[in-house]
Amino acid sequence: MKPLNLPRKIPDFSALSFDIEDFFQVAAFENQCPVESWPRYECRVEANVEKLLELLEGHSTQATFFTLGWIAERYPQLVKRIVDSGHELASHGYNHQRINLLNQQQFRDDIRSSKLLLEELSGLRIDGYRAPSFSFTEQCPWITEELLEAGYLYSSSINPVPHDLYGYANAPRTPFLWPNGLLELPVTTYELLGKRIPCAGGGYFRLYPYLVFRHLMRKAIQQLQTPAIYYLHPWELDPLQPRIKGASLKSRFRHYINLSKTEQRLRQLLRDFNWVPIRQLQPVSETLYQRAD
Ligand SMILES: [Zn+2]
């Protein structure tokens, strides 16, 4: 990994991103809801993304939508809505399988088919990729080569904290280049007494009180001298989603905690920071961050 030098001045904006998938496609429920069972579930993603788009429009804010191929294929109008609203369309892979559960060929097929599909539906080039459940692990050294060969320009697939599902606890916390030159934009963390505290969104956004989350994110921006990268899922705005039976207590806690509070907190977050899509961090990375070598 090539470290990048820190910028002289922190830009006064942060990057907003959403991973577009439905409630039954998350890694926490992968044993209860295998891919073959997905067609049996009532899809709620369309209505939830609509809610999200209206919310963003109300705040004149644009974001990056890492969209699952499985969803895009079934809801082409949704892809069109995202793009027509001026948001960045990016890839979340096709089938939301954690990378460490795939072999190299399966991964190649997954990232290429989703990119091709999103490009056909949108008429735009797809530059960005986010791994399902931040499952970018050291066990799969071929990931960056495959992404580059498939034509991706950047990845935002690392949540550099210890986690039972995430892959790279010790990865750099600021943007960096993989050895082959692929730009990686890790989601935001704060470090306190040598411990990394996740504060980029998702379950942590619902778990912490809002003011604590906002404080951590502001502190992280100062500490990292870099824009924050935040993420959320449309199902996190849907407290009435059907409950999945048979999952562990930990998985249910992670998935269902404070769902009813997300929308109000997101509204506040949109007011408290200036947001841009991740694509706008690419030139920032190129100009403000210089290669260290
Ligand atoms: Zn996901």
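Let's start with Arg 279, which is partly exposed, with a relative accessible area of 34%; buried would be under 20%, exposed over 50%, and partly exposed is what falls in between (1.4 Å probe, protein chains only). This is a predicted model, where local features need pLDDT of at least 70, side-chain atom pairs count only at pLDDT 80 or more, and totals for chains, interfaces and linings use all residues. Residues are numbered from 1 along each chain as its sequence is written, and side-chain values use heavy atoms, leaving out hydrogens and water.

Where does Arg 279 sit? Look in the loop between strand E11 (275-276) and helix H10 (281-288). Those labels are DSSP runs numbered from the N terminus, with helices (H or I) having at least four residues and strands (E) at least two. Leaving aside residues up to four places away in sequence, Arg 279 touches Thr 64, Gly 86, His 87, Glu 88 and Tyr 154, where touching means heavy atoms within 4.5 Å. Ala 63 is 216 residues from Arg 279 in sequence, yet their C-alpha atoms are 9.0 Å apart in space.

Now zoom out to the chain. Of its contacts between residues at least 6 apart in sequence, 78% join residues at least 24 apart. There are ten helices and eleven strands in the chain. Its radius of gyration is 18 Å, close to the 19 Å from the globule rule for 293 residues, so the chain is as compact as a globular protein of that length. That radius is taken over C-alpha atoms, and the rule is 2.2 Å times the number of residues to the power 0.38. Finally, 56% of the 293 residues are buried.
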